[in-house]
Amino acid sequence: MRVSFRKVVYSILGAYFLLTCYTGYLLVRRRLARSREDYARVQQLADILRDDPEWNPWGEEFENGEEARYEAPQWKVENPVVKSNKTNNNSQEFVVEIWGKAAIGLYLWEHILNGHLERKLGGMWSYGMKKINNIRFKFRTGPGVIPSKVPKSTENVILVLNGREPSKIDFAKLWLDFLPTLTNLKNVAVILLGNEQCNNEWIKSYMQLRGGPVKFVFLVYDSPDIDDQNFYQWPLGVATYRDFPKVDSAHLPVETHRKYLCNFLGTIYPNSSRETLIETLKSSQHGKQCYYRVRHEWSPKETEDSRDDYLRSLAQSDLTLSPVGVNTECYRIYEALSYGSLPVVEDVMTSGNCGHSVSSKNIPLRLLKESKAPFIYVKHWSELPALLEKEAAMSQVQKANRRRHFIQWYEDFKSKMRDVLVRTLQEKFFYNKINKIQ
């Protein structure tokens, strides 16, 4: 009986050993297969990045196709672009490359310039072309856009860079340091996602006034360097890095009743005004008519569910509450406008070096205020209960008229920024050439 028991135990152990070995074999085989796939993918990208005369990752094949042309918007433009007195047949056309190495480049191209993109290799490279007046823009973006593959014949370029933190600044400097190798380069501008506390001294050494290649910078946030000569202000826009979509305002349901009075979905920082905001919502009579969800740790990425939840909250709310973060200006302001939800902005200056400039003392949110943004501003979230009381008393007709007004304002604002960019390019890049033509 004892021998029989041993045989059973050994048989079980032997079977277990064989099963373990087989499982290990399958795992090793699967990993080898995956490694071969990864290697093949790397080789594919490496082959593409090598000098191949038969394929250009910068998408010059677009030059043989039809270009997207600028169509006049249906709204009024406050600052029209300077136009030549000559006819289009006699006017000179200028080509400006836009190399997007920061997520705000997509906001520039798709939201401000209304350009379209064609993506290849799963987004490794994306291209677009668009003509506005006498300037033909070529937009390039994606991780495959690297200095060694830029068109060597480039004469005019806008670099879209991220300068928020040291690692991003180091990457931006690599591009700026590379520019002198382009022997045909004549004009350089930068659109910069600046530091949230306006610590942007590093970019000044690259400015033309200090012997560098950059003629002017469009800078995000209320920097004291804004002078409308060398530094211009640029809007933060929506969080394209989180795949925030471009919303067609023409199809927003302006008249429809919205489910919530207000919404707030965001990160709560200790001892911040956001804690006050949540406590006020919880204690307010109308707080239960608002949709709010919080988390206590910030994450740069969103899940599909969390993103959809956020987008629904914007689309179903009359108001979107926008407390300050590291900076007063945040993506939430522009994202709310995109979905027809009026921003309620905490009108408080944050710590750091942002502030008054020689061009304006209207801070915070200088650019938006000077464009007469029709927001609701609060100095403290203790004002919220009275605000929600007033909101609850508004008729649907009043809300619809207000929504129609600020949706139109946002379209006008984007149109204005487009015209400011084009006009600045004409003045800074092509002024002498345009005068010669005239």
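Modeller: Take H6. Tyr331, Arg332, Ile333 and Tyr334 are buried, and so are Glu335, Ala336, Leu337 and Ser338. Buried here means under 20% relative accessible area. That makes 8 of the 8 residues of H6, residues 331–338, so the helix is largely enclosed by the rest of the structure. Across the chain, 50% of the 438 residues count as buried.

One partner of H6 is helix H9, residues 396–428. The two axes come within 9 Å. They cross at roughly 120 degrees. H6 brings Tyr334, Leu337 and Ser338 to this contact. H9 brings Phe406, Trp409, Tyr410 and Phe413. By type, the contact residues divide into 6 nonpolar and 1 polar, with no charged residue. An α-helix has 3.6 residues a turn, so residues three or four places apart point the same way.

Just past the end of H6, Gly340 takes a positive phi of about 70 degrees.

Now the wider setting. The chain has 10 helices and 14 strands. Of the contacts between residues at least 6 apart in sequence, 75% join residues at least 24 apart. The chain exposes about 22,900 Å², and carbon and sulfur atoms supply 52% of that area.

A word on confidence. The average pLDDT of the chain is 85, and 79% of the residues score at least 70. Over residues 37–90 the pLDDT is below 50. That stretch still has 85 contacts in the model beyond near neighbours in sequence. Where pLDDT is low, the predicted coordinates should not be read in detail.

Technical notes
Residues numbered from 1 in each chain as written. Predicted model: local features only at pLDDT ≥ 70, side-chain atom pairs only at ≥ 80, totals over all residues. Heavy atoms only, no water. pLDDT = per-residue confidence, 0-100. Contact = heavy atoms within 4.5 Å. Buried < 20%, exposed > 50% of the residue type's maximum accessible area, 1.4 Å probe, protein only. Helix = DSSP H or I, 4+ residues; strand = E, 2+ residues; numbered from the N terminus. Areas by Shrake-Rupley, 256 points an atom, 1.4 Å probe, with all protein chains shown as cover. Axes fitted to C-alpha atoms, helices over the stretch in contact; angles between N-to-C directions. Nonpolar A, V, L, I, M, F, W, Y, C, P; charged D, E, K, R; others polar.
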